[in-house]
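Student: I have just opened this one and would like to be walked through it slowly. Could we begin with the words we need?

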Amino acid sequence: MKASLLSRYAPYLFLFPSLLLLVAFVYAPALENMVYSLFSWSSVRTEQRFVGLDNYRELFANPVFWRALVNNVLYAVISIMFQVIVALVIAAVLVGGIIGPRQRTLFRTAFFLPSILPVTVVGLLWQLIYQPTIGLIDQVLYSTGLQGLSHVWLGEEATVMISVIMVSQWQWTGYMIVLFMVSIQAIPDDLYEALKMEGANRIQQFFHITVPGVRESTLILAIITIFGAFKVFDIVWVMTAGGPNNASEVLGTHMYRSAFRNDVSGYAAAVATVIFLITLAIGAVQIRLQRQD
Amino acid sequence: MARRIGQTETGGERAVRMGTVALFWVFVILSVYPMVWLVLSSFKTSSEMFGSAWALPKAWRWQNYGAAWDYGVSQYLISSVIVTVVSTALIVVLAAAAAYALVALKLRGKTLLYLAILGGSILPPEVALLPLFRTVSALGIYNTYWALIIPYVAFGLPFTTFLIRAYMVKIPLELAEAAKMDGAGPFWTFWNVYLPLSRPILASAALISAMRVWNEFIFALTFVESESVKTVTIGMMSFANALRGDWAVLMAGLVISVLPILAVFLVLQRQFIGGLTQGAVK
Amino acid sequence: MSELHLRSATKRFGALTVIDQLDLDVGDKEFVVLVGPSGCGKSTLLRMIAGLEDFSGGELTIDGERMNEVPAARRGLAMVFQSYALYPHMTVAQNMSVGLRIAGEDKAVIAAKVAEAARTLQLEALLDRKPKALSGGQRQRVAIGRAIVRNPRIFLFDEPLSNLDAALRLQMRLELARLHDALDATMIYVTHDQVEAMTLADRIVVMNGGRIEQSGTPEELYERPANLFVAGFIGSPKMNLIEGQSDGNSVTSILGTIRVAARRGPVTLGVRPEHIRKGEEGGGMTLTGRVSAVERLGANSFAYLSLADGSSLTVELAGMTDIRPGADLPLSIPRDKMLVFDASGARVSTGL
């Protein structure tokens with residue numbers, strides 16, 4: 001009977017390690033975090049005081065939080081423009097036959113390459129590129145006589161956020177192009193040929209076949225992009241750590257600084273909970289879309 | 001819709017094509033030149049690097065690389081390799097086992113269990129960071145490789161299970177049934193049928209997991225502090241702080257830290273992109 | 001000795017009953033074919049016998065021993081799957097020896113058994129190949145070889161020929177029949193193809209909606225179908241079915257009147273296309289139909305007729321007939337070839 005007992009529970013044995021790790025290191029911490037957000041505590045003071053929603057009140061009254069949230073929204077909007085809309089158009093052109101297959105492979109690899117770089121490398125590299133006067137951008141501006149456009153890109157409140165966001169676009173647009181290319185290539189050729197027989201030009205083909213054909217993947221990729229925009233942390237932390245003067249603060253850096261620099265853990269947990277609720281809403285939509293497939 | 005052979009091209013079409021190709025070369029330069037600049041600069045002196053951005057180095061300063069290596073990059077690389085190899089192996093084995101059970105075995109509440117695993121993919125690491133920091137400290141693994149490996153595995157499982165499951169679903173269930181008729185237990189079938197037949201996706205999954213672990217940032221920033229345990233991503237931050245001013249050596253260090261993944265990517269590009277697209281676009 | 005008995009076998013998937021209180025007895029060395037339309041439960045029944053599906057109710061015994069709780073591998077059965085279920089990454093020899101290797105059999109014994117099965121199936125030259133390098137028929141033989149090697153009490157076949165093209169199917173059918181003789185084994189075979197059932201079976205079990213409609217030799221099912229469902233299912237082209245009325249002693253239809261003691265009310269008359277004769281000789285019931293289409297197959301032809309009341313009739317004619325659509329064709333039907341089914345679908349005895 002021992003053997004049959006084993007075989008009865010074997011299926012669960014295969015799942016057990018994964019579920020255990022997920023519960024202990026993903027789900028439980030996420031829930032704990034919500035509990036933490038109701039307490040006032042820090043790592044130096046061992047005692048924890050229940051404060052109800054005080055941390056959230058403090059949060060909503062804090063202009064830095066709102067600044068961060070607006071920056072995340074800006075991040076999402078610009079990311080959608082580049083990583084979804086521009087990427088889709090570029091992918092359609094690459095697949096569309098204007099460009100030969102060998103050049104296409106070359107372009108694809110070139111566009112994809114930035115996405116494999118570690119974020120630290122990207123951040124540090126672009127810090128140097130953005131250096132005033134001596135950085136690559138200013139050198140280009142000076143040598144083309146456009147020095148009037150020069151800025152202290154990462155040092156001015158007006159330019160810092162957009163400068164960081166554009167680095168993300170540089171890194172990830174090519175990646176999304178590749179995903180869109182695969183999705184477009186899955187559209188049957190004869191759909192295009194049927195429309196061509198009716199005299200449609202490339203732009204009409206794009207709107208009548210390509211766009212509806214990749215509708216579902218576009219939706220999912222758009223959601224992944226928004227998701228990424230609201231949990232962004234690393235590139236901002238490397239390049240500006242949220243500065244200057246909180247001008248490039250996002251929710252992730254605001255949370256991290258509160259937890260590990262300012263040592264207001266309860267407040268940090270409240271920020272994390274807000275991130276959690278935002279991504280939960282996005283994730284619910286994503287799972288629904290993926291299950292429809 | 002590839003261009004049909006023998007289709008002739010009008011003058012207008014030709015202009016459109018040339019224009020498009022030219023535009024794409026501009027995109028390529030935008031995409032690639034920062035990396036080229038990185039590599040070129042890593043061979044220059046710091047003053048040369050900022051003085052003439054577009055020029056080749058006057059003399060190729062290999063000593064920048066020696067300096068960067070001696071400055072600690074080698075230690076970061078060792079840590080990254082250890083953490084990446086162990087995490088990737090665990091992620092792939094555990095995800096494959098879970099995917100197999102979800103696909104080929106009789107389970108109660110299969111959909112629920114699958115969602116329990118998949119649900120992990122919507123939780124950003126930031127949300128669990130503070131409690132995880134305490135858990136890691138409580139377990140006594142703070143500032144060790146395990147402080148990175150265990151969270152990496154936990155957070156890597158949902159996507160990898162999703163990826164492998166999508167592949168295993170296409171293996172005919174009759175193979176598992178035939179094995180059952182032949183007296184095979186679930187472990188035999190997993191090891192002798194499902195794993196060998198899933199080899200292509202296991203390769204892709206391993207590649208993607210390795211890339212993610214190698215590049216991971218926030219856990220590596222939070223759960224370790226000694227230079228001897230830091231992975232490359234975080235190590236390069238300390239490295240940059242220590243080197244403020246000696247830009248060219250920093251650039252050399254950055255190049256070194258990229259070389260392993262770049263090499264892996266260039267060799268296994270097909271599997272990598274194949275795996276990514278199977279996961280994201282379906 | 002291998003006998004198999006099912007008593008009140010029942011399978012439910014949620015609220016859906018797929019197998020309903022089914023009894024079946026399979027004798028030693030018998031070749032039993034389960035046949036029926038898709039969704040009739042025949043494959044589920046086979047999988048229950050195999051141990052791949054649990055019983056919701058009832059009992060399975062093999063050689064007198066209750067099998068419900070016995071794991072698939074220990075029931076002494078071997079199964080040939082529809083897709084053959086060959087492991088793509090293993091060679092033919094490895095595929096055939098999986099069961100023996102799992103059982104921890106001696107290497108020499110395994111080699112001997114594989115060699116013997118390979119000889120029986122003419123697979124000797126292919127033992128080191130992978131399934132990808134084999135033709136459909138060869139894969140089929142490997143799947144059978146894998147079953148033979150295990151020396152089972154009973155062979156189970158789940159639509160084994162449905163993935164083959166027509167010519168190969170015929171060849172494999174003959175080979176299976178030969179194999180049954182050579183191995184002298186009990187076989188249970190599932191198919192939706194009534195031609196396979198007719199040609200292979202010692203006994204055919206016609207299933208519909210999770211129940212057995214009729215069980216008997218091919219001749220019995222063909223000549224004396226128990227009900228309308230079996231009558232319509234066995235035979236190609238289908239038996240002609242014509243509406244009629246019974247007054248208790250005789251049945252009247254467009255074909256005329258015959259004396260049959262059937263319950264008063266609507267009935268259905270059945271006659272096979274090959275039993276209808278051209279012309280008015282033969283002394284049966286006579287009628288005329290208008291030819292609407294003709295299929296000439298060479299050795300015989302089929303004419304599709306419409307009758308005066310709009311009902312249709314299929315007639316088999318010898319050779320390449322020269323009858324054209326539009327022609328009026330006089331026919332006769334021998335009274336003793338007429339089958340009568342009452343309103344419930346059951347066949348009424350006509351004294352055959």
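Tutor: Let us start with a definition: a nonpolar core is a set of buried Ala, Val, Leu, Ile, Met, Phe, Trp, Tyr and Cys residues joined through C-beta atoms within 7 Å. Please keep in mind that this is a predicted model.

Student: OK, so which residues touch the most other members of the largest nonpolar core?

Tutor: That core has 272 residues, and A:A91, A:V271 and C:L156 are the ones that touch the most other members. Helix α3 of chain B, residues 63–104, gives the most to this core, with 19 residues. Domain 1 (4–228) and domain 2 (238–348) of chain C both give residues to the core, so it lies between them.

Student: What is A:V271 in contact with, leaving aside its neighbours within four places in sequence?

Tutor: With those neighbours left aside, A:V271 is in contact with A:L59, A:F65, A:L251, A:H254, A:M255 and A:S258.

Student: Back to those two domains of chain C: how far apart do their C-alpha centres lie?

Tutor: The C-alpha centres of domain 1 and domain 2 of chain C lie 38 Å apart. Their contact takes four residues from domain 1 of chain C and five residues from domain 2 of chain C, and the residues on the domain 1 side divide into three nonpolar, one polar and no charged.

Student: And how many residues of chain C are in contact with chain B?

Tutor: There are 16 residues of chain C in contact with 14 residues of chain B. On the chain C side, α2(C) gives the most, with three residues, and by class that side has 13 nonpolar, three polar and no charged residues.

Student: New topic: what is the order of the strands in the open sheet of chain C?

Tutor: This open sheet of six strands has the order β6-β7-β8-β3-β9-β10, with mixed pairing. Because β6 and β10 (211–216) of chain C stand at the edges, each with a single partner strand, one side of each is left without a neighbour in the sheet. Neighbouring strands are turned by 20° against each other on average, direction ignored.

Student: How many bridges join β9(C) to β10(C)?

Tutor: Five bridges join β9 (residues 203–208) of chain C to β10(C), and these two strands run antiparallel. C:I204 stands opposite C:G216 in β10(C).

Student: Last one: is helix α1 of chain C mostly covered or uncovered?

Tutor: Helix α1(C), residues 42–50, is mostly covered, with eight of its nine residues buried; among them are C:K42, C:L45 and C:I49. After α1(C) comes C:G51, whose phi is positive, near 100°.

Definitions and conventions
Residues are numbered from 1 along each chain as its sequence is written. Chains are lettered from A and ligands numbered from 1 in the order in which they are written. This is a predicted model: local features need pLDDT of at least 70, side-chain atom pairs count only at pLDDT 80 or more; totals for chains, interfaces and linings use all residues. Domain bounds come from an automatic or database domain assignment. Two residues are in contact if their C-beta atoms, placed from the backbone, lie within 7 Å. Ala, Val, Leu, Ile, Met, Phe, Trp, Tyr, Cys and Pro count as nonpolar, Asp, Glu, Lys and Arg as charged, and the others, Gly among them, as polar. Helices (H or I, at least four residues) and strands (E, at least two) are DSSP runs, numbered from the N terminus. A residue is buried if 20 or more other C-beta atoms lie within 10 Å of its own, exposed if 12 or fewer, and partly exposed in between; C-beta atoms are placed from the backbone. Two strands pair if DSSP finds at least two bridges between them. Axes are lines fitted to C-alpha atoms, for helices over the stretch in contact, and angles run from 0 to 180 degrees between N-to-C directions.
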